[in-house]
Amino acid sequence: MKIALMDSGIGLLAAAAAVRRLRPDAELVLSSDPGSMPWGPRTPEDITALALDVARAAAAHRPDALIVACNTASVHALPTLRAELEPALPVIGTVPAIKPAAAGGGSVAIWATPATTGSPYQRELINDFGGAAEVTEVPCPGLADALEHGDEAGIDRAVAAAAALTPPDVRAVVLGCTHYELVANRIREAVQRPGRPRLALHGSAGAVAAQALRRIGVDPAPMAEPSGTLTVLRAGRPATLPEAALTYAEGRMLAAAAPVL
């Protein structure tokens with residue numbers, strides 16, 4: 001069993017770690033192109049072309065499924081990726097977890113890149129799945145880039161700025177960029193108000209990992225022998241996990257759990 005994941009950069013780590021937890025025996029292929037980051041400000045046509053290149057590099061390794069572990073690529077390139085690769089290769093996109101976050105009503109915030117915040121795509125998701133919740137869109141300029149480079153000071157500044165824009169009575173935060181899941185605990189600490197119920201964070205990594213297994217007809221087996229390998233591609237060329245990836249628990253877990261091919 002081989003699962004490929006693609007993103008512009010290391011935002012795919014959270015979903016890859018989720019796959020590894022569900023199936024320690026799965027071979028993983030991580031395909032990215034950090035030299036082209038950030039994708040958010042680019043035109044839909046540019047994003048689609050870049051995503052196709054990254055997806056084709058992953059597909060060349062003949063995986064059983066491909067996870068598009070990037071919100072921006074899922075918004076703009078998913079139909080094109082599916083048109084080219086399916087049905088031979090199931091393609092699983094990433095959607096912000098607005099529906100489960102809004103299910104309890106109350107105040108909900110969606111943290112996302114500036115390009116996604118206020119976009120017709122995100123507004124449509126809010127209209128379709130926001131229900132009775134009070135949804136606030138929170139732009140997070142610089143956060144994904146700081147996370148990509150392991151810039152601790154930059155992460156702190158971006159998280160603090162987004163937290164200041166988040167309503168004080170917020171009950172749940174949707175992590176609307178896959179990079180953000182790498183610092184979920186830091187986001188909770190920045191937003192959690194004293195005396196308030198524990199803040200709920202809603203990412204997408206677990207859901208897309210489970211969906212990938214369903215698409216290929218495989219059950220989770222978290223106790224399976226940890227025999228899965230790890231292949232890293234950057235701009236289509238064999239590589240190793242970048243140093244910045246190892247500053248996050250997900251990156252360290254992936255590096256330690258499997259030999260890198």
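This is a predicted model: local features need pLDDT of at least 70, side-chain atom pairs count only at pLDDT 80 or more; totals for chains, interfaces and linings use all residues.

Visitor: What counts as a pocket, or a cavity?

Guide: On a 1 Å grid over the protein atoms alone, a cavity is a set of points where a 1.4 Å probe fits but cannot get out, while a pocket is an open set with protein on both sides within 12 Å along at least five of seven lines; lining residues have an atom within 4 Å of a point.

Visitor: Which residues lie nearest the centre of the largest pocket?

Guide: Pro38, Trp39, Gly40, Thr113 and Ala144, out of 25 lining residues. Helix H3 (71–85) and helix H6 (143–148) are the elements giving two or more residues to that lining. The volume is about 330 Å³.

Visitor: And how many cavities of 30 Å³ or more are there?

Guide: The count comes to 3. The largest cavity has a volume of about 70 Å³, and its lining includes Leu30, Ser31 and Leu233. Strand S2 (27–32) and strand S9 (230–234) are the elements that each give two or more residues there.

Visitor: How do S2 and S9 pair?

Guide: In the parallel sense, over 5 bridges; two strands pair if DSSP finds at least two bridges between them. Ser31 has Leu233 in S9 as its bridge partner. S2 also pairs with strand S1 (residues 2–6), again parallel over 5 bridges, and there Leu30 is the bridge partner of Leu5.

Visitor: Is S2 mostly covered or uncovered?

Guide: Mostly covered, with 5 of its 6 residues buried, meaning under 20% relative accessible area with a 1.4 Å probe, protein chains only.

Visitor: New topic: which residues touch the most other members in the largest nonpolar core?

Guide: Trp111 and Tyr180, in a core of 51 residues. Helix H1 (residues 13–22) gives the most to this core, with 6 residues. A second, separate core has 23 residues, among them Ala4 and Val91. A nonpolar core is a set of buried Ala, Val, Leu, Ile, Met, Phe, Trp, Tyr and Cys residues joined through side-chain atoms within 4.5 Å.

Definitions and conventions. Residues are numbered from 1 along each chain as its sequence is written. Side-chain values use heavy atoms; hydrogens and water are left out. Grid points are joined across faces, edges and corners, and a volume is the space filled by probe spheres set on the points. Helices (H or I, at least four residues) and strands (E, at least two) are DSSP runs, numbered from the N terminus. Buried means under 20% relative accessible area, exposed over 50%, partly exposed in between (1.4 Å probe, protein chains only).
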